[in-house]
Amino acid sequence: MAHTDQQQEESAHVHHVIPIRIYLLVFAGLMILLVLTVAATFADFGGFDRVITLAIAAAKAALIMAYFMHLRYSQPLSIVFAGVGIIWLLILLLITLSDYLARGGVVPAS
Amino acid sequence: MAHHDSVLAPYFSNIEQQREVNNLGMWIFLITEVMLFGGIFLAYSVYLYSYPEAFGAASRELNLYLSTANTFILLCSSLTMALAVHAAQTDKQRALVLFLVLTIVLGTIFLGIKAAEYYEEFQHNLIPGPLFQFEEAYLLQAQLFFSLYFAATGLHGVHMIIGGAILIYLTLKAWRGHYSSLNYDAIENIGLYWHFVDIAWVFIFPLFYLMERT
């Protein structure tokens with residue numbers, strides 16, 4: 001199948017180039033979250049300590065996925081697959097943990 | 001406009017379709033990696049819930065300064081990786097090579113600091129096995145913590161080494177002018193891999209070093 005140079009050039013420039021400014025902003029956001037993560041370790045949020053720590057980590061992951069990994073500008077199918085991966089992981093974690101949490105954890109070794 | 005290697009495979013109708021398929025293929029691989037690390041995170045979560053005091057005591061033995069530095073270094077390497085992809089997309093070959101090299105350098109520094117951490121843990125008798133030492137009340141649970149710690153960080157380190165090796169190979173090809181705005185899928189895909197390994201560390205760091213520390 002022959003392609004004219006013109007056709008190849010036109011379809012090649014359909015891809016989205018994220019401006020460097022956005023990358024730098026995302027990096028700044030990641031740095032702020034890093035500082036927050038370490039600072040939050042030494043603060044006391046009552047029962048929410050672990051939730052806050054994980055939420056900050058999830059925020060970092062979301063930034064990296066959306067902008068560094070270009071998910072925000074990707075074809076919908078890639079976004080679906082990425083989302084499916086996260087959902088599988090959540091199913092693994094939540095269902096297994098709900099079992100253990102209902103029993104008070106692992107049976108201690110005697 | 002000069003065409004470097006416009007490698008459109010004959011079974012794709014246009015280069016955009018080829019790029020989308022390459023992108024999807026990489027994401028499919030990455031979600032299998034999510035489940036791979038997810039298994040270790042699951043085991044850690046169950047035992048963290050069951051033995052919070054023991055895991056807290058064990059966590060406090062880890063080096064917070066080195067690991068925070070490593071987190072910073074890895075986030076920087078993700079930035080240089082994203083900038084490398086940007087350079088490839090905009091036909092800036094020298095910038096592409098520069099950012100690939102910077103990413104490799106930062107990744108190597110990360111591994112060096114990790115090795116220093118491991119050595120410190122070895123010196124403190126924190127490697128599970130016959131030489132393991134910990135306060136009596138938490139001996140078994142602390143060994144469990146460190147088994148999971150070395151499994152998670154070891155698996156992560158192996159991923160870094162493989163990523164670094166592929167990056168070196170791609171840097172050599174980029175140096176020879178192999179990539180352009182018409183042909184940069186390989187750079188984009190190693191970028192996706194590298195960002196995934198960064199995300200894995202973004203979760204390893206708080207889970208092992210920060211969760212029960214205080």
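Which residues does Thr41(A) touch, not counting residues up to four places away in sequence?

Analyst: Thr41(A) touches Leu210(B), Arg213(B) and Thr214(B), residues up to four places away in sequence being left out of the count; contact means heavy atoms within 4.5 Å. This is a predicted model, in which local features need pLDDT of at least 70 and side-chain atom pairs count only at pLDDT 80 or more, while totals for chains, interfaces and linings use all residues. Residues are numbered from 1 along each chain as its sequence is written, chains are lettered from A and ligands numbered from 1 in the order in which they are written, and side-chain values use heavy atoms, with hydrogens and water left out.

Thr41(A) belongs to helix H2 (residues 20–41) of chain A; helices (H or I, at least four residues) are DSSP runs, numbered from the N terminus. Because its relative accessibility is 5%, Thr41(A) counts as buried. The term buried means under 20% relative accessible area, exposed means over 50%, and partly exposed lies in between (1.4 Å probe, protein chains only). Within chain A, a polar atom of the Thr41(A) side chain lies 3.0 Å from the backbone oxygen of Thr37(A).

For the complex, the predictor gives an ipTM of 0.91 and a pTM of 0.92. Chain B has an average pLDDT of 94, and 97% of the residues score at least 70, pLDDT being the predictor's confidence in each residue, from 0 to 100.

Two loop residues complete the picture. In chain A, His70(A) lies in the loop between helix H3 (49–68) and helix H4 (76–103). The phi of His70(A) is near 65 degrees, a positive value in a residue other than glycine, and His70(A) is buried, with a relative accessible area of 7%. In chain B, Asp91(B) is placed in the loop between helix H3 (64–89) and H4. Its phi is near 60 degrees, again positive in a residue other than glycine, but Asp91(B) counts as partly exposed, at 36% relative accessibility.

Definitions and conventions: A polar contact is a pair of N or O atoms within 3.5 Å; within protein, one must be able to donate a hydrogen and the other to accept it, and residues adjacent in sequence count only if both atoms are side-chain atoms.
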